Amino acid sequence: MIAHRAYRTEAGLHYVDVWQAKNDFDALEHGRLHPVVHPLLQDMLGFVPPEPPKTALDIVNAWTAEHGSVASCRRAHAAASGDTTV
């Protein structure tokens with residue numbers, strides 16, 4: 001995970017995560033989150049509610065002090081590999 005932001009709205013809690021790759025998120029969700037959260041929800045609610053909606057965004061640029069610019073890293077990798085489809 002590169003960045004995680006959570007914020008409140010009138011509709012509830014929302015969050016935005018920036019991942020290097022979708023597969024990284026999928027591995028966390030199915031390998032770590034669901035095995036822990038689903039049994040807790042089952043115990044607390046008596047059922048596991050459906051997953052909240054997810055929206056995939058095409059990130060143009062994401063910057064953190066730790067990771068620098070994600071878009072710049074992609075461009076640098078593409079330039080080094082000769083790939084021009086960034």
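Me: Which residues does His34 touch, not counting residues up to four places away in sequence?
Reply: In this predicted model, His34 lies in helix α1, which spans residues 22-45. Leaving out residues up to four places away in sequence, the residues that His34 touches are Glu29, Pro39 and Glu51.

Me: With which side chain does the side chain of His34 make a polar contact, and at what distance?
Reply: Glu51 is among the residues that His34 touches. The polar contact joins the two side chains, that of His34 and that of Glu51, at 2.9 Å.

Me: Does His34 count as buried or exposed?
Reply: The relative accessibility of His34 is 16%. Buried means under 20% relative accessible area. His34 therefore counts as buried.

Me: Which residue forms a salt bridge with Glu51?
Reply: Glu51 has 40% relative accessibility and so counts as partly exposed. The closest N and O atoms of its salt bridge are 3.6 Å apart, within the 4 Å limit for such a pair. The partner of Glu51 is Lys54.

Me: The side chain of Lys54 also meets that of Glu29 in a salt bridge; what is the N to O distance?
Reply: Side chains of opposite charge can pair when their charged atoms come close. For Lys54 and Glu29, the N to O distance in the salt bridge is 2.6 Å.

Me: How many residues apart are Lys54 and Glu29, and where does each lie?
Reply: The salt bridge between Lys54 and Glu29 links distant parts of the chain. Lys54 is in the loop between α1 and β3 (63-64), whereas Glu29 belongs to helix α1. The two are 25 residues apart.

Me: Which residue forms a salt bridge with Asp26?
Reply: The closest N and O atoms of this salt bridge are 2.8 Å apart. Both residues lie in helix α1, four residues apart, which is about one turn of the helix.

Me: What is the bridge partner of Ala6 in β2?
Reply: Strand β1 (residues 3-9) and strand β2 (residues 12-18) run antiparallel and are joined by seven bridges. A hairpin of two residues connects β1 to β2. The bridge partner of Ala6 is Tyr15.

Me: What pattern does the protein follow along the sequence?
Reply: The protein has two helices and four strands. Read along the sequence, these follow the pattern β-β-α-β-β-α.

Me: What percentage of the residues of the protein count as buried?
Reply: The protein exposes about 7000 Å², with carbon and sulfur atoms supplying 59% of that area. Of its 86 residues, the share that count as buried is 15%.

Technical notes. Residues numbered from 1 in each chain as written. Predicted model: local features only at pLDDT ≥ 70, side-chain atom pairs only at ≥ 80, totals over all residues. Heavy atoms only, no water. Buried < 20%, exposed > 50% of the residue type's maximum accessible area, 1.4 Å probe, protein only. Polar contact = N/O pair within 3.5 Å; in protein donor to acceptor, adjacent residues only side chain to side chain. Contact = heavy atoms within 4.5 Å. Areas by Shrake-Rupley, 256 points an atom, 1.4 Å probe, with all protein chains shown as cover. Pairing = 2+ DSSP bridges.
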